[in-house]
Amino acid sequence: GQQLNQSPQSMFIQEGEDVSMNCTSSSIFNTWLWYKQDPGEGPVLLIALYKAGELTSNGRLTAQFGITRKDSFLNISASIPSDVGIYFCAGRLGAGNMLTFGGGTRLMVKP
Amino acid sequence: DTEVTQTPKHLVMGMTNKKSLKCEQHMGHRAMYWYKQKAKKPPELMFVYSYEKLSINESVPSRFSPECPNSSLLNLHLHALQPEDSALYLCASSQGLLKRQTNTEAFFGQGTRLTVV
């Protein structure tokens, strides 16, 4: 089946630094989503991407849908302590298909 | 109301117990989902209900039994679980028809942390 490779698996950065993480797939997706999950909570949708090449921002977060439709990245600018958590990418092929999740990127921010 | 509410938040049960997890949403969503999430892993889909009918069962063992009494409620009945079933169980809901719009994507609940002893 489809698999999403998400990297890096974890990052430990200084407050104020920019962060970049990405997901790659062996097959194409028509939708890419980025979620954040805090400890003991469910995932919260950050950004949804629906068109190849699309670049979308949500505050300090920016995500792009790769031209090949096989990858996506998420950037966080000027990180703050509350950015700590696990970030998951997820891809979907079509409206009737379920999400395929990446393995997650655990972000830790040092004040 | 833009929330998916799950109860209980934590549950400890023995291998011979019968328990139920509950999920409720009042957003008018017509698709509801159960996911299982082990520590440091992504969520894994278990079941999907669409318009109150079971549409996907991802080969889940019969000791997990889903139920959708109405369009706002989703239950997961548990019986004779094993310690390896300990995990975070997440409920999610979405509009019945995905329209490539952010507001049609799935909302997740906080989850029920299940421990089987």
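**Labels and the rules behind them**

Analyst: By class, five nonpolar, two polar and two charged residues make up the lining of the second largest cavity. The model is predicted, so local features need pLDDT of at least 70 and side-chain atom pairs count only at pLDDT 80 or more, while totals for chains, interfaces and linings use all residues. Residues are numbered from 1 along each chain as its sequence is written, chains are lettered from A and ligands numbered from 1 in the order in which they are written, and side-chain values use heavy atoms, with hydrogens and water left out.

User: What makes a lining residue nonpolar, polar or charged?

Analyst: Ala, Val, Leu, Ile, Met, Phe, Trp, Tyr, Cys and Pro count as nonpolar, Asp, Glu, Lys and Arg as charged, and the others, Gly among them, as polar. The residues lining this cavity are His29(B), Arg30(B), Ala31(B), Met32(B), Tyr49(B), Tyr51(B), Glu52(B), Cys68(B) and Ser71(B).

User: Why is one space called a cavity and another a pocket?

Analyst: On a 1 Å grid over the protein atoms alone, a cavity is a set of points where a 1.4 Å probe fits but cannot get out, whereas a pocket is an open set with protein on both sides within 12 Å along at least five of seven lines; lining residues have an atom within 4 Å of a point. Volume is the space filled by probe spheres set on the points, which are joined across faces, edges and corners. The largest pocket holds about 390 Å³. Of its 21 lining residues, Gly42(A), Pro43(A), Val44(A), Phe108(B) and Gly109(B) are the closest to its centre.

User: How do you know that β1 and β7 of chain B are edge strands?

Analyst: Strands are DSSP runs (E, at least two residues), numbered from the N terminus, and two strands pair if DSSP finds at least two bridges between them. The open sheet runs β1-β3-β8-β7 in chain B, with antiparallel pairing. β1 and β7 (64-70) of chain B each have a single partner strand, so one side of each lacks a neighbour in the sheet. In the antiparallel pair of β3 (residues 18-25) and β8 (residues 73-79) of chain B there are seven bridges.

User: What puts chain A and chain B in contact?

Analyst: With contact meaning heavy atoms within 4.5 Å, 22 residues of chain A touch 22 residues of chain B.

Note on methods
Helix = DSSP H or I, 4+ residues; strand = E, 2+ residues; numbered from the N terminus.
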